[in-house]
Amino acid sequence: MTKLARKTVRDLTPYQSARRLGGSGDIWLNANESPFANEYKLQCDRLNRYSACQPQELLQAYADYAKVPVEQVLTSRGADEGIELLIRTFCEPNTDSILYCPPTYGMYAISAETFDVTAKKVPLTEEWQLDLPAIRDNLDSVKLIFVCSPNNPTGNLINRRDIEALLDMTADQAIVVMDEAYIDFCPEASTVDLLERYPNLVILRTLSKAFALAGLRCGFTLANPDIIALMLKIIAPYPVPVPVSDIAVQALSPAGLAKTKFQVLDLNANRAYLQAGLSMLEGVTVYEGYGNYLLVQFPDAESLFSALWDQGIILRRSPVENCIRISVGNRDECEKTLAFIRKQLSQR
Ligand SMILES: *Cc1c(COP(=O)(O)O)cnc(C)c1O
């Protein structure tokens, strides 16, 4: 049956999600998940009915949280589906391109390739900022430009002035998609206020990270109403299961938001603890991070990664030279990870 598949699909290398990579152990700091498993109420008396395509209560709750009009919100199965919808909405297969700036999130290129859309790479500068002149030189056929801030896996923020310059540069020509999957850890850095000024700005959000709901699959696209309307033309008829919407609304209630705020403070403190502890180790460079993870450079990342893996401490290898990405867990997980790394490096 393999030969019946599209050539694109046969040739595709799927995204190596942390889940797919496997591993066994009791400290999982490889998928930027939250260590907090919060409780929710499930109501099962309406499951005989289809869900609304865009549950109004959920849209309103997120709009209030993000401080945008409800007409500027679309909800989907995680931010990943938002990426896919944008590509399918704006890119003609075998003709148009997306542009992205590695090292960054892998799904932009994979989603594009899945739909026969070329993914153009313009690497970030040495400071992991946008290379605006190189982007300008590569705008031919580009419909979407993906910018991740805080950037995964490097952790840094993209300069706001560069984002505005990019939006000006691409006005009427391409859409700038700000991936703000980690923005709840540093809400002051959001570009949401720029939506009013820039019709070509789109923002991706998710409940998977700070809201501790990776297993729920609930994300949001914030954009001007004409973009939302276009995406709604191609979205699945029932993308948000009833229990997903119910739980997401609870997470976005005043009590849910307060809990998330508290957990974000907790995780940001743990990140500072990890950052300080790792920075003291010889030969180790910790890059300043604004999300719930840190990118760390070690003298021999490969062997350290394996030693941690064998110990049941599962982290994520990064494409950045000799770097490992460490998700910020609870304090106990951070302490154990730091202690093991310290011991490992002292034995070298
Ligand atoms: C985790 C992540 C996403 C995907 O979020 P989901 O809502 O779980 O699909 C998108 N972008 C970046 C940068 C991420 O790290």
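1. Two strands are taken as paired if DSSP finds at least two bridges between them. The points below apply that criterion to a predicted model, beginning with strand S13, where Ser327 stands opposite Tyr293.

2. The pairing of S10 with S13 (residues 323-327) is antiparallel and rests on five bridges. Strand S10 itself spans residues 293-297, and four of its five residues are buried, which leaves the strand mostly covered.

3. S10 also pairs with strand S9 (residues 285-286), again in the antiparallel sense, here over two bridges. Within this pairing, Thr285 has Gln297 of S10 as its bridge partner.

4. On the cysteines, the count of disulfides is zero, the criterion being a pair of cysteine sulfur atoms within 2.5 Å. Cys148 is in no disulfide, and the nearest cysteine sulfur to it, that of Cys101, lies 11 Å away. Cys148 counts as buried because its relative accessibility is 4%, the threshold for that class being under 20%.

Notes: Residues numbered from 1 in each chain as written. Predicted model: local features only at pLDDT ≥ 70, side-chain atom pairs only at ≥ 80, totals over all residues. Heavy atoms only, no water. Buried < 20%, exposed > 50% of the residue type's maximum accessible area, 1.4 Å probe, protein only.
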